[in-house]
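I am keeping these notes while I look through a structure, and each entry takes up one topic.

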Amino acid sequence: MDFNILMYYVFGIVAIAGGLVLLFAKHPIRGAMGLLTTMVALAGMYAILQAHSIAIFQLIIYAGAIMVLIIYFIMLLDIKSEDYLRPFSKLFWVGAPILSLLAIFFIYKLYTVIGGEQDAFGNLSSGSLAEESPENFGGIKIFSTKLLTKYLFAFEYVSTLLFAAIVAVISIVQLDWKGRKNE
Amino acid sequence: MSNPLTDFIFGTGGFFTIAIVILLFALGSITFIFRRTLLHMLMAVELMLNAVNLSLIYFSRLHQNHDGQILSLMIFVVAACEVALGIAIIVQLFKRTGSISVDTYVTERG
């Protein structure tokens, strides 16, 4: 078996394991570690899928910035342990099996409809899909060229969203719980 | 002309990837619905966004098209905004009640 294919399977299973840790861990710091594992594993899957720039962004932005922010605030809050005595809702043992069965049913239908054949997903793809991937697909040069020409409006628009989020966060943390401004 | 990795991505790898996407999204939604802690709910939303990102990148590779990768970059930015706002709200709620359990806020109606 090709080494990339083997690592793809390993990364997928590790991602699922991280999600399970997030679901069942009692303390949020352990859940955050599971989520971090999932993100790093997904970065590996992106790299195997030739999205090299996105893999680097996943490591820098998600694992480097967002998860550090979450872990920092978990440590800052210093939450009492009584919050975790009953970590699940009462309906967990009813609802979680139903949702799991629904997910397994989706996977089963996917397998029976398109998953069984050798070139199943290749038949879905349009145009030159069965051809060999060009070497520079997903590279930073072609990616950034497309981002700054064809998708320039989306790029600027999302920067506006970031600015609005900064203003919103500042206005939230300035108010105390009665709605007045802190001194 | 074709290497084993391309055959894998066009064949069984597609099924494996979409199965991973479905399972991660289901885990995220179960965590969001049934965990009673605000921080877990915030992290569950992140997990669901990551699952959608994986499907976008897989189909971007399948169709040899960069649009999915650029859309996933936009999702990164939206996730960063969402975490910043969510953390700020959680900190304010914690300052107000001293707890991050959802059961604390059952009286907050209307």
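**Entry 1: chain B as a whole**

I began with chain B, which has four helices and zero strands, and whose elements, read from the N terminus on, run α-α-α-α. I note at the outset that this is a predicted model.

Next I looked up the overall dimensions, and I found that the C-alpha trace of chain B spans about 65 × 25 × 20 Å along its principal axes. The radius of gyration of chain B is 19 Å, whereas a compact globule of 110 residues would have one near 13 Å. I also checked burial, and buried residues make up 45% of the 110 residues in chain B. Looking at the contacts in chain B with a separation of 6 or more, I found that 47% of them are between residues 24 or more positions apart.

**Entry 2: where the two chains touch**

**Entry 3: H1 and H2 of chain A**

I then turned to pairs of helices inside chain A. Two packed helices are described by the angle between their axes and the distance between the axes. For H1(A) and H2(A) the angle is about 160°, and their axes lie 8 Å apart. An angle over 145 degrees counts as roughly antiparallel, and H1(A) and H2(A) are therefore roughly antiparallel to each other. The crossing in which H1(A) passes H2(A) is left-handed.

I went on to the residues that meet here: in H1(A) they include Gly12(A), Ala15(A), Gly18(A) and Gly19(A), while in H2(A) they include Gly31(A), Gly34(A), Thr38(A) and Ala41(A). By class, the contact of H1(A) with H2(A) has twelve nonpolar, nine polar and one charged residue.

**Entry 4: H2 and H3 of chain A**

H2(A) and H3(A) pack at an angle of about 175°, and their axes are 8 Å apart. These two helices, H2(A) and H3(A), are therefore also described as roughly antiparallel to each other.

Among the residues of H2(A) that take part are Leu36(A), Met39(A), Val40(A) and Ala43(A), and they belong to a set that meets residues of H3(A), including Leu59(A), Tyr62(A), Ala63(A) and Met67(A). The contact of H2(A) with H3(A) divides into 20 nonpolar, two polar and no charged residues.

**Entry 5: two glutamines with positive phi**

Last, I looked up backbone angles. Gln50(A) is not a glycine, and yet its phi is positive, at about 65°. Gln50(A) sits in the loop between H2 and H3 of chain A. Is Gln50(A) buried or exposed? A residue counts as buried if 20 or more other C-beta atoms lie within 10 Å of its own, and Gln50(A) is buried because it has 23 other C-beta atoms within 10 Å.

In chain B I found Gln64(B), likewise not a glycine, with a positive phi of about 55°. Gln64(B) is in the loop between helix H3 (38–62) and helix H4 (67–97) of chain B.

Key:
Residues numbered from 1 in each chain as written. Chains lettered and ligands numbered in written order. Predicted model: local features only at pLDDT ≥ 70, side-chain atom pairs only at ≥ 80, totals over all residues. Axes fitted to C-alpha atoms, helices over the stretch in contact; angles between N-to-C directions. Parallel < 35°, antiparallel > 145°, perpendicular 65-115°, else oblique. Left-handed = near helix turned anticlockwise from the far one by under 90°. Contact = placed C-beta atoms within 7 Å. Nonpolar A, V, L, I, M, F, W, Y, C, P; charged D, E, K, R; others polar. Rg over C-alpha atoms; globule rule 2.2 N^0.38 Å. Buried ≥ 20, exposed ≤ 12 C-beta atoms within 10 Å, placed from the backbone.
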